[in-house]
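Work through the exercises below with the model open. Try each task before reading its solution.

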Amino acid sequence: MSGPTVRILRDAQGVAEAAADQVIEAGIAAVAARGVFHLCTTGGSTPAALYRALREPSRASRMPWAQTQIWFGDDRFVPRADALSNVSPLDAQLLSPSADGASSPLSPSAVHPWPTTAADAPTAVSAYLAELRGAGVPHTPRGFPIFDLVLIGIGGDGHCLSVFPGSTLALEGALVAAGVPAPIHIEPHVPRLSFSLGAITGARAVLALAPGAGKAEALARIFNSTTAVIDAPAKAALIPTATWLLDAASAAILPS
Ligand code: 6PG
């Protein structure tokens, strides 16, 4: 089976701009094919630069904002306004007026956070899955939503979404989504809500964003053919539908 497309950009800004261009292309193609663009975004610190690049006038004018619905691959089980929420960078960069006063191009109703006000994780998970079905997102026979594009960041331990090494969510046949206990080995130490890896392998396209020297060791392990998915779950995205955007620093020790 052929593998992913791997692009090595100059630096983190280069990764953000290339990612923004790829999001726009995927959006235009999805709208042309189905009239709507279901984008599943990532958490962590990496997407903020991507969101800023999408607001640049030359890009913002090409993005099909009105037909775009934004979902989250995972989130921390905290209120939306919490700084640890994976929604807060999006709220700040895409749902607020830009620095030059331009109003947000995105309707708040087009953003679908995980329901972190739910009493517990099972309630939040079933509510989110019901919201996806209610929004008409197609699903695989296994029950995974088929997103037009899934964005993932890569953790220093080789995780993606909130599927950490050793997690049952990294196994074949895993639940579609579940609550994840607060990780001890990696920040932030808060409980999560997350899809399992089927949301990545079932997507029409995947974009992995991994800039910076801090990702180099994890990437070397992920791209090492002897590494198992259970030990580096992001390896599940080494698939033909995926594009990996790295920079010189993060690609420094990739196996040849
Ligand atoms: C989360 C994320 C997680 C993230 C990676 C990379 O909720 O933390 O979804 O999977 O993408 O940990 O994080 P950075 O972008 O901050 O390096």
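## Exercise 1: the ligand shell

By class, the shell around the ligand holds three nonpolar, nine polar and four charged residues. Here Ala, Val, Leu, Ile, Met, Phe, Trp, Tyr, Cys and Pro count as nonpolar, Asp, Glu, Lys and Arg as charged, and the others, Gly among them, as polar. This is a predicted model: local features need pLDDT of at least 70, side-chain atom pairs count only at pLDDT 80 or more, and totals for chains, interfaces and linings use all residues. Residues are numbered from 1 along each chain as its sequence is written, and side-chain values use heavy atoms, with hydrogens and water left out.

**Task.** Find which residues are the closest to the ligand.

**Solution.** 
- The selection gives 16 residues.
- The closest are Ser45, Thr46, Asp74, Leu161 and Lys215.

## Exercise 2: contacts and burial of the ligand

**Task.** Which atoms lie 3.4 Å, 2.7 Å and 2.5 Å from an oxygen atom of the ligand?

**Solution.** 
- Start with the backbone: an N or O atom of glycine 43 is 3.4 Å from a ligand oxygen.
- Next, take serine 45, where a side-chain N or O atom is 2.7 Å from an oxygen atom of the ligand.
- Then turn to lysine 215: a polar side-chain atom lies 2.5 Å from a ligand oxygen.
- Finish with area: the ligand alone exposes 420 Å², and the protein buries 88% of that. Accessible areas come from the Shrake-Rupley method with a 1.4 Å probe.

## Exercise 3: leucine 161

**Task.** Locate leucine 161 and decide: buried or exposed?

**Solution.** 
- Leucine 161 is in the loop between β5 (149-153) and β6. Strands are DSSP runs (E, at least two residues), and helices are runs of H or I with at least four.
- Its phi is near 45 degrees, a positive value in a residue other than glycine.
- Leucine 161 has a relative accessible area of 7%, so it is buried. Buried means under 20%, exposed over 50%, partly exposed in between (1.4 Å probe, protein chains only).

## Exercise 4: asparagine 86

**Task.** What does the side chain of asparagine 86 reach at 3.2 Å?

**Solution.** 
- Asparagine 86 sits in the loop between β4 (74-76) and α4.
- At 4% relative accessibility, asparagine 86 counts as buried.
- Its side chain reaches the backbone oxygen of aspartate 74 at 3.2 Å.
- The asparagine 86 side chain also makes a polar contact with the side chain of arginine 76 (3.2 Å).
- A polar contact is a pair of N or O atoms within 3.5 Å; within protein, one must be able to donate a hydrogen and the other to accept it, and residues adjacent in sequence count only if both atoms are side-chain atoms.

Notes:
A residue is near a molecule or strand if one of its heavy atoms lies within 4 Å of it.
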